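Hi,

Here is the structure I promised to pass on. Have a look at it first, and then read my notes below.

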Amino acid sequence: MKIEMHVHTSEGSPCAQVDAEGIVRAYSEAGYDAIVITNHFDAQLLNQFGATDEEKIERYLSGYRKAKAVEEKYGIKVMLGIEIGLIPYPEEYLIYGIFPGVTAILWSRWGLAGLKQSSQSVISENWLN
């Protein structure tokens with residue numbers, strides 16, 4: 001099985017040049033069986049996505065949802081991950097095996113202040129409590 005574990009869509013990451021359907025089509029044509037959409041997730045970016053928390057999360061997930069909507073058309077599995085940035089640290093971390101509701105939980109728990117926490121608190125401590 002051939003899987004791309006780290007791909008961005010132009011709907012959710014400013015560094016991406018291709019929209020969600022274009023990404024799915026390209027990876028399908030290249031012989032991939034699955035892709036993981038891992039758009040950037042950090043406070044600075046999400047604050048550009050809307051005024052309310054709901055708008056921010058919906059915009060963040062739009063690339064994934066558009067890709068997921070065409071997975072059957074192109075015969076490729078689309079999964080969700082995130083590339084999370086923790087201000088002020090320069091590192092970003094890939095997180096796999098999540099579902100759309102997790103992005104809302106992360107944002108509501110940490111929002112602007114929380115994404116400034118250490119990476120260990122996001123990954124391991126009480127994040128679903």
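Let's start with His40, which counts as buried at 13% relative accessibility (buried means under 20% relative accessible area, exposed over 50%, and partly exposed in between, with a 1.4 Å probe and protein chains only). Before going on, please note that this is a predicted model, where local features need pLDDT of at least 70 and side-chain atom pairs count only at pLDDT 80 or more, while totals for chains, interfaces and linings use all residues. Residues are numbered from 1 along each chain as its sequence is written, and side-chain values use heavy atoms, with hydrogens and water left out.

Back to His40, which sits in strand β3 (helices, H or I with at least four residues, and strands, E with at least two, are DSSP runs numbered from the N terminus). What does His40 touch, leaving aside residues up to four places away in sequence? Its contacts (heavy atoms within 4.5 Å) are His8, Gly12, Ser13, Cys15, Leu45, Leu46, Tyr60, Glu83 and Glu92. With His8 there is also a side-chain polar contact of 3.4 Å (a pair of N or O atoms within 3.5 Å; within protein, one must be able to donate a hydrogen and the other to accept it, and residues adjacent in sequence count only if both atoms are side-chain atoms). Glu83 turns up again as the bridge partner of His40 in β5.

That brings us to the sheet. β3 and β5 (residues 82-85) pair in the parallel sense over 2 bridges (strands pair if DSSP finds at least two bridges between them). They belong to an open sheet of 3 strands, in the order β3-β5-β6, with mixed pairing. β3 (40-41) and β6 (92-95) are at the edges with a single partner strand each, so one side of each has no neighbour in the sheet.

Elsewhere, β2 and β4 are joined in parallel over 4 bridges, and Val36 stands opposite Met79 in β4. Met79 and Lys77 make up the uncovered face of β4, whereas Val78 and Leu80 form the covered one.

Now for helix α1 (residues 20-29). Its buried residues are Ala20, Gly22, Ile23, Val24 and Tyr27, and they pack against β1 (3-7), β2 (34-37), α3, α4 (71-74) and β4 (77-80). After α1 comes Gly31, with a positive phi near 90 degrees.

How many salt bridges does the structure hold? There are 3, counting a side-chain nitrogen of Lys or Arg within 4 Å of a carboxyl oxygen of Asp or Glu:

- Lys73 meets Glu21 at 2.9 Å, N to O. Lys73 is in helix α4 and Glu21 in helix α1, so the pair ties together parts that are 52 residues apart in sequence. Lys73 is exposed at 59%, while Glu21 is partly exposed at 26%.
- Glu58 and Arg65 have their closest N and O atoms 2.5 Å apart.
- Lys68 and Glu71 come to 3.2 Å between their closest N and O atoms. Lys68 is partly exposed at 26%, but Glu71 is buried at 14%.

One last stop is the loop between α2 (43-46) and α3 (53-69), where you will find Gln48. Gln48 is exposed, with a relative accessible area of 60%.

Cheers
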